[in-house]
Amino acid sequence: MSLLALAACGSLVAGCGGDDPEPAADAEPVELILDWFPNADHAGIYGAMEEGYFAEEGLDVTPSVPSDPAAALKQVATGKAPFAISYEPEVLIARSQGVPVVAVGAVIPHPLNSVIVRTDRGIRTPADLEGRTVGVAGVPSDRPLLDAVVRSAGGDPAAVKVRTIGFTLAPALAAGKVDAVIGAYWNVEQVDLERQGVEVDAFRLEENGVPDYDELVVVTSDEIARDRPDLVRSFLAGLRAGQDWAATDQTGAVDHLVEANPDLDRETLTEQVRATAELLSPSDEPTLNVDPAEWAAFADWMRENGLLTEDVDVDAVVTDAFLPEDR
């Protein structure tokens with residue numbers, strides 16, 4: 001599939017990106033609001049930018065890091081940027097509140113959010129969290145997700161203590177201030193903690209009571225989807241090529257990410273990109289694929305667990321209509 005296409009591309013070179021990474025003078029400027037600072041999850045985005053895949057689609061893409069990630073969807077909805085990277089639960093909640101945004105592709109098609117535990121505390125299964133303290137960022141989804149994970153192993157969620165520690169999840173776990181955290185990513189924080197010598201394990205959500213969902217998705221507005229379908233298709237075509245490239249040329253992907261974010265540690269990032277590669281360009285589904293039926297099932301789960309207070313028209317909140325036909 002996509003990796004085979006990329007391999008063929010590597011032998012032919014011409015027309016496959018990398019020859020002319022500079023956008024043409026008449027390329028359309030496009031702003032992309034990221035969910036966070038550049039990291040391994042964005043390897044495909046920076047690959048598409050720096051290897052010329054967006055340029056081949058006539059786009060000059062500029063990413064930005066929002067001061068408030070939660071505001072990105074409203075910025076897209078009001079036309080301040082045509083695209084943003086967001087989270088499936090956030091998109092569903094926004095849509096239920098009347099924010100006119102739609103997910104058009106999945107950058108990361110499975111949960112990265114996980115319950116990361118210190119193994120030196122004797123935690124072997126989610127049920128072992130009973131009587132332990134779990135650090136949370138304080139977002140609404142923390143408790144329902146944690147409860148589902150504990151319940152899936154036969155544990156009693158009411159017996160798990162929760163402490164709000166903001167977004168210092170990994171430092172708090174490394175310092176031993178909590179026994180576990182939820183909200184950290186197994187491909188980023190777990191790798192970083194292990195490199196620090198902290199013995200940890202991760203209970204992945206989709207393997208422990210939570211339905212599978214897309215962690216990071218490309219979002220645009222209803223207006224752009226309706227009035228600029230060619231722009232959406234071009235953006236996704238360039239991004240797909242970048243995702244496939246980053247999964248195979250991981251050293252190159254690390255180079256581009258370090259250039260974009262010099263605070264990243266190259267060795268740690270190399271491991272994180274390696275852990276993320278299969279998600280960037282999956283071997284079992286098309287790159288960037290979104291599954292409306294899976295979204296419907298996750299929306300039902302969110303409603304049952306109090307994360308959605310209103311029904312959501314899933315046909316309006318996610319579509320695969322703009323994905324490349326030859327994906």
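These legends walk through several close-up views of one predicted model. Residues are numbered from 1 along each chain as its sequence is written, and side-chain values use heavy atoms, with hydrogens and water left out. Because this is a predicted model, local features need pLDDT of at least 70 and side-chain atom pairs count only at pLDDT 80 or more, while totals for chains, interfaces and linings use all residues.

**View 1. Helix α6 and what covers it.**
Here we look at helix α6, residues 142–152. Helices (H or I, at least four residues) and strands (E, at least two) are DSSP runs, numbered from the N terminus. Eight of the 11 residues in α6 are buried, so the helix is mostly covered; buried means under 20% relative accessible area, exposed over 50%, and partly exposed in between, with a 1.4 Å probe and protein chains only. Among the buried ones are Pro144, Leu145, Leu146 and Val149. The cover includes the strands β5 (113–118), β6 (133–136), β7 (161–164), β8 (180–185) and β9 (200–204), along with helix α13 (292–304). After α6 comes glycine 154, with a positive phi near 85°.

**View 2. From β6 over to β7.**
Strands β6 and β7 run parallel and are joined by four bridges; two strands pair if DSSP finds at least two bridges between them. Look for valine 134, which stands opposite valine 162 in β7. The chain gets from β6 to β7 by way of α6, and this β-α-β crossover is right-handed: with the strands pointing away from the viewer, the path from the first strand over the helix to the second runs clockwise.

**View 3. The largest pocket.**
This pocket has a volume of about 1,400 Å³. Its lining counts 44 residues, and the closest to the centre are Trp36, Tyr87, Phe167, Gly183 and Tyr185. Elements giving two or more residues to the lining include α4 (72–77), α6, β8 and α12 (266–280). Helix α5 gives the largest share, four residues. By type, the lining divides into 25 nonpolar, 10 polar and nine charged residues. Ala, Val, Leu, Ile, Met, Phe, Trp, Tyr, Cys and Pro count as nonpolar, Asp, Glu, Lys and Arg as charged, and the others, Gly among them, as polar. How is a pocket found? On a 1 Å grid over the protein atoms alone, a pocket is an open set of points where a 1.4 Å probe fits, with protein on both sides within 12 Å along at least five of seven lines; lining residues have an atom within 4 Å of a point. Grid points are joined across faces, edges and corners, and a volume is the space filled by probe spheres set on the points.

**View 4. Histidine 256 in helix α11.**
Histidine 256 sits in α11, residues 250–260, and is buried at 14% relative accessible area. Leaving aside neighbours within four places in sequence, histidine 256 is in contact (heavy atoms within 4.5 Å) with Tyr46, Gly47, Glu50, Glu51 and Trp245.

**View 5. Glycine 105 and leucine 288.**
Glycine 105 belongs to strand β4, residues 101–108, and is buried, with a relative accessible area of 0%. Not counting residues up to four places away in sequence, glycine 105 touches Val217, Val218, Leu288, Val290 and Leu323. Leucine 288 lies in the loop between α12 and α13 and is buried too, at 1%. Though not a glycine, leucine 288 has a positive phi of about 75°. Most residues other than glycine have a negative phi.
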